[in-house]
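Good morning, and thank you for coming. Please look at the structure on the screen while I go through several of its features.

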Amino acid sequence: MIWDALTLQLGYNATLVTVGAALLGMAAGATGSFLFLGKRALVSDAISHATLPGVALAFVAMVALGGDGRALPGLLAGSALSAAAGLLCVSALTNRTRLSEDAAIGAVLSVFFGFGIVLLTVIQSMSSGRQAGLESFLLGSTAGMLWQDAMVIAIGGAVVLALVALLRRPMTMVAFDREFAAGAGMNVPRIELAMMGLALAITVVGLKIVGLILIVALLIIPAVAARFWTDRVGHVVILAGLVGGVAGYCGTALSATAPALPTGPIIVLVSFALFALSLVAAPNRGVLAAVLRHRRFQARVHVRQGLLALAQGQPIYEGLTLRLMRRRGLIRPDGVATDQGQAQAAAALRDERRWQALRSDPAHEEAAASYDGLTPLDDILTPDQLTALDEGLRPKEVP
Amino acid sequence: MGEEFVVLSLAPIVIGICAAVACAIPGNFLLLRRQALIGDAISHVVLPGIVVAFLLTGVVSAWPMMLGAGAAALVAVGLIEAIRRLGKIEPGAAMGVVFTAMFAGGVLLLEQSDTSSVHLDVEHALYGNLESLIWLDAVGWSSLWDIEALRGLPPELPRMALTLAFVSVLTWVCWRPLKLSTFDEGFARTMGLPVGAIGLALVVVAAIAAVAAFDAVGSIIVIAMFICPPAAARMMTNGLEAQVAWSVLFAVISAVLGYVLAGYGPLWLGFDDAVSAAGMIATVSGVILALAAMFGPCRHRSGARAEPS
């Protein structure tokens with residue numbers, strides 16, 4: 001069943017939704033990277049919650065005009081308008097008053113959402129509103145999705161993706177360094193507006209599938225996950241798009257396999273799983289890599305200290321040091337140094353002596369700054385310099 | 001203001017006031033520490049907490065659910081901190097990752113489990129059921145002195161009042177360390193105050209207020225009351241004492257006006273049905289914030305305007 005879903009064998013409608021969700025996820029991941037890199041990830045939370053009053057008002061307006069209140073394009077247009085109003089409120093509160101951006105975000109999201117709920121209860125009491133099903137926009141639902149709806153989502157996702165590709169350079173510069181971007185002659189407010197506009201478009205397009213409470217996850221989680229794997233902006237954007245796309249695709253496919261698997265939450269959980277994987281397994285920035293790096297460093301310190309102790313004929317008591325040196329064949333099980341151990345110990349001692357000489361000599365101040373007790377001096381000085389240094393180490397002959 | 005008011009509206013209004021004030025007081029400090037969105041995160045993760053509590057106990061009752069919600073809030077705070085430190089991720093994004101994922105987990109659990117027989121759904125978690133907390137045993141104002149009738153009060157009322165008392169007393173007792181560590185963490189540390197513990201305690205108190213309030217009034221009021229009254233109060237004054245006082249006033253106004261507008265407003269306009277009280281309370285607090293942002297005496301950032309030199 002899962003295999004059928006993943007290979008798009010579950011019928012025309014499910015296939016359409018799956019492809020649409022994958023496109024949406026890709027677009028959301030790529031857009032979200034710029035928000036995340038600009039440290040403004042949670043602005044999307046305000047945007048998404050602010051869509052609710054727009055959805056409700058659009059429904060009321062369409063019913064009042066005699067149309068079908070549930071027409072998706074109309075609802076999406078309404079949600080875009082009210083999300084834009086929310087965005088304006090956030091920026092007005094941040095720029096015109098003393099409130100910080102996070103407070104403005106929280107205020108806007110709670111007030112707009114509360115007002116939206118008031119409007120929803122109004123709609124429920126309208127004669128034509130009882131079966132409106134607008135609650136499905138809270139958590140999204142793919143049940144009963146029409147062909148046109150899926151097309152709106154797929155096209156919307158593709159358009160946003162194209163715009164991200166088009167605007168990637170200015171958006172990168174603004175996300176990293178607003179002053180520099182302004183100095184380079186860019187219109188920073190307009191580019192930020194475009195960035196927020198793209199996030200808004202994602203939110204609006206994703207409302208139907210993922211729902212307004214969870215759409216913010218698609219903007220944040222893929223970007224955070226991608227950040228673990230690379231330090232390059234272009235790669236973060238592409239990877240985030242991939243993570244989002246995979247999450248959208250697999251999430252929708254999984255949720256199509258059973259009735260009690262709501263699409264939006266499954267997509268979010270799949271992307272969270274990818275995030276958790278990145279957190280643990282990513283090279284360099286991942287937790288596992290950090291643990292390994294720490295262990296390796298610890299081993300180097302212990303072995304170095306053990307070798308110095310050997311060279312100076314001091315006994316070693318520390319358990320970890322003994323274990324490490326035994327495993328490397330530097331000492332025998334009874335603690336006596338092997339030939340290899342003796343050679344390395346002598347080398348370590350000579351290195352330490354050289355360092356001491358180097359650090360007491362003001363002429364080598366620059367090289368002495370790189371002393372960390374582990375780096376062999378051979379890596380830093382040329383052979384000529386080493387010979388010169390060794391000259392000074394010879395025991396002085398009494399004239 | 002007759003018997004009907006006492007039966008139908010008195011208890012919800014008092015509960016609303018208690019919940020609003022209990023959230024607004026810690027909200028002041030969260031706002032000043034730029035942790036305002038913690039309230040948002042906590043109120044989202046409460047959902048998986050109550051669902052797990054329901055699955056474990058099999059009944060919808062207050063205490064297990066509050067314990068579950070509190071545990072979920074602590075798990076979320078721990079996860080946010082872990083992701084922030086381990087992955088070197090900025091706090092906003094770490095929060096966004098954790099609360100959306102946990103909320104999604106909660107929704108999934110809810111859909112998977114058989115909760116059709118009980119009143120437990122996402123809508124309830126969001127809007128609460130303030131309107132349904134009526135005081136059936138009351139016959140009029142005289143019931144306030146009738147022990148028998150008082151016993152019939154909705155259990156949310158004493159619980160919320162207790163939470164409010166707890167939050168206020170704790171804030172009052174810890175006022176000086178809280179104030180010091182909020183405004184100048186470095187100085188507080190040199191004074192020997194446990195800055196980290198104070199920060200954590202503040203989040204825990206906020207979580208307690210959020211969880212207790214959530215049970216009665218739904219998470220949307222919780223988020224709104226954590227942020228809007230303190231933010232509006234911030235525009236009215238530069239003193240912390242005055243700010244807390246203003247925020248309490250704004251919270252009370254939001255709760256009362258919001259409930260009255262939701263319950264009676266549509267009737268005045270000629271409609272039959274009341275609208276969501278939780279949503280209306282949040283809306284009123286937003287209106288207050290908007291007014292404060294437009295006319296508040298201290299609305300500008302200090303230094304943003306040229307000061308007379």
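In chain B, the loop between helix H1 (3–32) and helix H2 (38–57) contains B:Arg34. This is a predicted model. Most residues other than glycine have a negative phi. B:Arg34, although not a glycine, has a positive phi of about 60°. Is B:Arg34 exposed, partly exposed or buried? It counts as partly exposed, because 14 C-beta neighbours lie inside 10 Å.

A second residue of chain B deserves attention. B:Lys88 sits in the loop between helix H3 (62–87) and helix H4 (91–112) of chain B. B:Lys88 is not a glycine either, yet its phi is positive, at about 50°. B:Lys88 has 12 C-beta neighbours inside 10 Å and therefore counts as exposed, since a residue with 12 or fewer is placed in that class.

Let me turn to the contact between the chains. Chain A contributes 48 residues to it, and chain B contributes 52 residues. Which helices of chain A each supply at least two residues of the side that touches chain B? They are helix H6 (101–125), helix H7 (136–139), helix H11 (215–227) and helix H13 (263–281). The largest share of that side comes from H6(A), with 16 residues. By residue type, the side of chain A that touches chain B consists of 35 nonpolar, seven polar and six charged residues.

Finally, consider the domains of chain A. Domain 1 covers 2–262, and domain 2 covers 288–393. Taken over C-alpha atoms, the centres of domain 1 and domain 2 of chain A are 56 Å apart.

Methods:
Residues numbered from 1 in each chain as written. Chains lettered and ligands numbered in written order. Predicted model: local features only at pLDDT ≥ 70, side-chain atom pairs only at ≥ 80, totals over all residues. Domains from an automatic or database assignment. Helix = DSSP H or I, 4+ residues; strand = E, 2+ residues; numbered from the N terminus. Buried ≥ 20, exposed ≤ 12 C-beta atoms within 10 Å, placed from the backbone. Contact = placed C-beta atoms within 7 Å. Nonpolar A, V, L, I, M, F, W, Y, C, P; charged D, E, K, R; others polar.
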